[in-house]
Amino acid sequence: MYKNGVKSLNEILNRIENIRNGNIILGKVGDIIRNIPEDRYSYIINRLEKEIEIVKIYNPDVRPALDPMVSSELKIYSALDNVEEYGYILNYPKCCIESFKGARFGIDNEHMNELKVIQNSILDIENNCFGDCNNNRIVNINNDNINDKNKNNKNNNKNNINNNYNDYNTKNKTKNKNNSNKIEITNKYYSLIMPSGYIPCSLLCDKGYNNHLIKIISYDEYMKIQDLEKEIFRELPHYHLAYREYYEKIHLW
Ligand SMILES: [Zn+2]
């Protein structure tokens, strides 16, 4: 059973093919895709299919970025004029497309402040359910708890993560005679990943999570993601030095 990383790439492949053969009408980007010479078009479709085959092996929940050879042939890197159309192909939420159009091209301080909200929420949840948590709770974190917390505590995120850990450890002294809880939490919620090139309107963007563009992953999943990136690059080498990593990875702690 393939997870959303594979499904997302297949959806993108289908959209490109449907635009190419006229089943989906798209403005300027439609023209770009239909005008790619046949040999170049076959070449990039083969590369995209190869990328999907590799991604199937690792089966992540979030897709990697498209192979840069594909992206450059589709002219995605000069996307600013046609952000909505590229956003449609890549399944970016409208809110994130609007934010990108406002010249938000990278992870910035606002995103990093949102990361603190996520850290606080994880610690709260682990505090309340420690020893009784399962992975399903990550869905709750992503969709409910973090956003509730964000609404209620938007101006209350000044504590850094060390303070959180101090609080956490004080509250749990009876359970927590050493640092094993801390290690367990940091391994379980190790990193936040997104496909490279996707800049969310917020690290708390519901639609980003719903469209499988953002996910909090464990240390083990993170190691697999790194192996996946290496294998894609090994199997599909390219010369776009700025695009060696297929995921944006933000460490949580
Ligand atoms: Zn958004």
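**Ground rules.** I number residues from 1 along each chain as its sequence is written. As the model is predicted, I take local features only at pLDDT of at least 70 and side-chain atom pairs only at pLDDT 80 or more, while totals for chains, interfaces and linings use all residues.

**Sheet.** I looked up the strand order and found an open, antiparallel sheet of 3 strands, β2-β1-β3. Strands (E, at least two residues) and helices (H or I, at least four) are DSSP runs numbered from the N terminus, and two strands pair if DSSP finds at least two bridges between them. β2 (215-217) and β3 (247-251) each have a single partner strand, so one side of each lacks a neighbour in the sheet. I then followed β1 (residues 191-195), which 3 bridges join to β2; here I193 stands opposite K215.

**Core.** Which residues touch the most other members of the largest nonpolar core? I found V70, I122, I193, M194, L203 and I214, out of 47 residues. Such a core is a set of buried Ala, Val, Leu, Ile, Met, Phe, Trp, Tyr and Cys residues joined through C-beta atoms within 7 Å, with C-beta atoms placed from the backbone. Helix α7 (residues 109-129) gives the most, with 6 residues.

**D67.** I found D67 in the loop between α3 (38-58) and α4 (68-73). Is D67 buried or exposed? D67 is buried, because 25 other C-beta atoms lie within 10 Å (buried means 20 or more, exposed 12 or fewer, partly exposed in between). Its C-alpha atom is separated by 8.2 Å from that of I232, 165 residues apart along the chain.
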